[in-house]
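Student: I have a model open beside its sequence, and I would like to learn how to read it. Could you take me through it feature by feature?

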Amino acid sequence: MKRSELEHLIRASGEIAADNEIIIIGSQAILGQFPDAPVQLLLSMEAGVYPKNHPDKADKIDSAIGEGSLFHEMNGYYAQGVGKKTALLPADWEGRLVAVSNENTNGVTGYCLEIHDLAISKLIAMRPKDLEFSQELVRHNLIDKKTLLRRLKQTDIENSIRRIAQVRINSFFKS
């Protein structure tokens, strides 16, 4: 996905949900902070989104411009309507969101996860694709070990999951 495609999804999601603020929590949230992110981090053709002020309308977005929709067929990318609790995130993550708002979003602001918060959500999800994504963030020097470990401590998760995530972080940053 390219930044212009994310902007298109922000605009379309806002129109569908009648909400001028859209939260982006999936891997393509990277495009908020890093519009020209390395291609290895832009492989997903979907963006996980929900309307900030009308989160109950995420299903409406999913139906209109989600996977398998006419929008998806025409554009090759799509929005996945998700819930606010889809991703496990560190405390105060909302205060670190990165705004995307320009003429391409047509008055709708997309709020993308800050890169360390995004990485924590991926490390906690532990799916192979999420771990690969996190390793690429490290490889491209886009995240910092100390910040990750601090954010991990600020995340409300079981201790067993926290320990696994901490081991992964330490292994990713070995020289």
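**Reading the model**

Tutor: Let's begin with Gln 28, in the loop between β1 (21-24) and α2 (30-33). Helices (H or I, at least four residues) and strands (E, at least two) are DSSP runs, numbered from the N terminus. This is a predicted model, where local features need pLDDT of at least 70 and side-chain atom pairs count only at pLDDT 80 or more, while totals for chains, interfaces and linings use all residues. Residues are numbered from 1 along each chain as its sequence is written, and side-chain values use heavy atoms, with hydrogens and water left out.

Student: Is Gln 28 buried or exposed?

Tutor: Buried means under 20% relative accessible area, exposed over 50%, and partly exposed in between (1.4 Å probe, protein chains only). Gln 28 has a relative accessible area of 0%, so it is buried. Its side chain also makes a polar contact with the side chain of Ser 27, at 3.0 Å. A polar contact is a pair of N or O atoms within 3.5 Å; within protein, one must be able to donate a hydrogen and the other to accept it, and residues adjacent in sequence count only if both atoms are side-chain atoms.

Student: How do I read an aromatic pair, and how many does the structure hold?

Tutor: A pair of aromatic rings is described by the distance of the centres and the angle of the planes. Rings of Phe, Tyr and Trp (its six-membered ring) pair if their centres lie within 6.5 Å; planes under 30 degrees apart count as stacked, over 60 as edge-to-face and the rest as tilted. The structure holds 1 aromatic pair. In it, Phe 71 and Tyr 77 are edge-to-face, with 5.8 Å from centre to centre and 85° between the planes. Both Phe 71 and Tyr 77 are buried.

Student: Which ring has the charged end of Lys 122 over it?

Tutor: A charge sits over a ring if NZ of Lys or CZ of Arg is within 6 Å of the ring centre and within 35 degrees of the ring normal. For Lys 122, the ring is that of Phe 133, with the charged end 5.9 Å from its centre. Likewise, Lys 52 lies over the face of Tyr 111, 5.5 Å from the ring centre.
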